[in-house]
Amino acid sequence: MSLKEVDKKLVKRRQVYRPVLDNPFTNERALWPRVKDPQFIWELLNTTVLSKIKGLASVPLNEWPWDVITDYNEIVQLLETGEEDVVLYVCNRDSDVSSVLLQQIPLLCYMSECSVTLVQLPSGSHQAIQEAITSSPLRCQDGLLLLRCNDKISDNFRDQIAQQVDPLQFPWLEGVKHLPATVRRLKTSQPSR
Amino acid sequence: MNREQTEKFRDKQLIQKYNLIHLLPTLNVPELSGLYLKSFLNATKRYQLQLPPLINDSSSKFCGSCGAVRIPRFNVEMSTVEHNKTTADEPPRVLQYKCLNCSYTETFPLESQSRNQIKLQNKDQGFVATWPQEKQQEKVTNKVEKKTSAKDRAKKRKLNSLSNLLSKKNEEKKKQNSPSLSLESFMQQG
């Protein structure tokens, strides 16, 4: 076998089989919902939250004008157990954020009891967020930023974001969502006759 | 079947198998998930297909032990774990997926390149300006490598080739044999 033939074979094998992803049932092509105007979303986040964090360095976290969470474990716990409105920003286009870590996030948002608005940020935003929160006790290692939509946040802000982002759609999880999560079996006995 | 038809058949078959894997959690029979996943993977192997990294990479999408599709809040517990004391082999931060079907725990090393940690490391070691020097060295090595370019090597090869060596030798011989008119040779002969 010549070298050229080996090369050809390698190229053939390296071609990724895409039709699996184009499947409407699993809908993995649209794992991350489309954002209509990414620039607008980024500026909204930047002006309302990030630019003000710098001035809040000496203020304790619970007195901030909004509730922000950046830790992965805390976010997962909130989405698993909580029932509230949240906006979750994800820097999924930055190479320094682990893709394995983010892979399950859309599914978690879909399965969560919270009504989550999942927003993907443009590339380069991870570093911008890290720079904005250097003086605060928060650390943004995983490219996640969760904003709780409680009384502190105006409805207008939430609506504007919700209009820009498509809702999540995973038809295959529709049935799973209504199943009880942990199966428990009760040990019983029948009296002998 | 012609080529188009076979491809259509292949796509249909694979998507059907892939959908079945995803349908299983709804049916609540996690025991079958390994069988269905294996059937799908075998089919892709038979057609010599390279799956997208989203599906293929490690066992982030499917459990590495029982093969169930991971669904947060349903059959997987996700958390990140930080080790304070780290050895050389162990990464400082790890992502943990615990499958609730088979209670198998999978870990994925996370490269934490956060600037805070880098800053902390710098504080411990004190500031050492090492990398600009390395850069210079790299430049030098690049230049050296560039000097021996393909053209130069080809020239060298030509010079060292057998025919070239032979012709060189012949020329020397001719020089020795040919009567020269120079004063030196005349003196030597004399």
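**Exercise 1.** Determine how many residues of chain B are in contact with chain A, and describe the side of chain B that touches chain A.

*Solution.* Step one is the count: in this predicted model, 38 residues of chain B are in contact with 36 residues of chain A, where a contact requires C-beta atoms, placed from the backbone, to lie within 7 Å. Step two assigns that side of chain B to elements, and at least two residues each come from helix H1 (3-27), helix H3 (53-56), strand E1 (76-82), strand E3 (105-110) and helix H4 (115-125) of chain B. Within this side, H1(B) provides the largest share, with nine residues. Step three sorts the residues of the side by class, which gives 17 nonpolar, 15 polar and six charged residues.

**Exercise 2.** Work out the strand order of the sheet in chain B, and explain why E1 and E3 of chain B each have one side without a neighbour in the sheet.

*Solution.* Begin with the elements: chain B holds eight helices and three strands, and from the N terminus they follow the order α-α-α-β-β-β-α-α-α-α-α. The three strands of chain B make an open sheet, ordered E1-E2-E3, with antiparallel pairing. Because E1 and E3 of chain B stand at the edges and each has a single partner strand, one side of each is left without a neighbour in the sheet. From one strand to the next, the twist averages 20 degrees.

Terms used
Residues numbered from 1 in each chain as written. Chains lettered and ligands numbered in written order. Predicted model: local features only at pLDDT ≥ 70, side-chain atom pairs only at ≥ 80, totals over all residues. Contact = placed C-beta atoms within 7 Å. Helix = DSSP H or I, 4+ residues; strand = E, 2+ residues; numbered from the N terminus. Nonpolar A, V, L, I, M, F, W, Y, C, P; charged D, E, K, R; others polar. Pairing = 2+ DSSP bridges. Axes fitted to C-alpha atoms, helices over the stretch in contact; angles between N-to-C directions.
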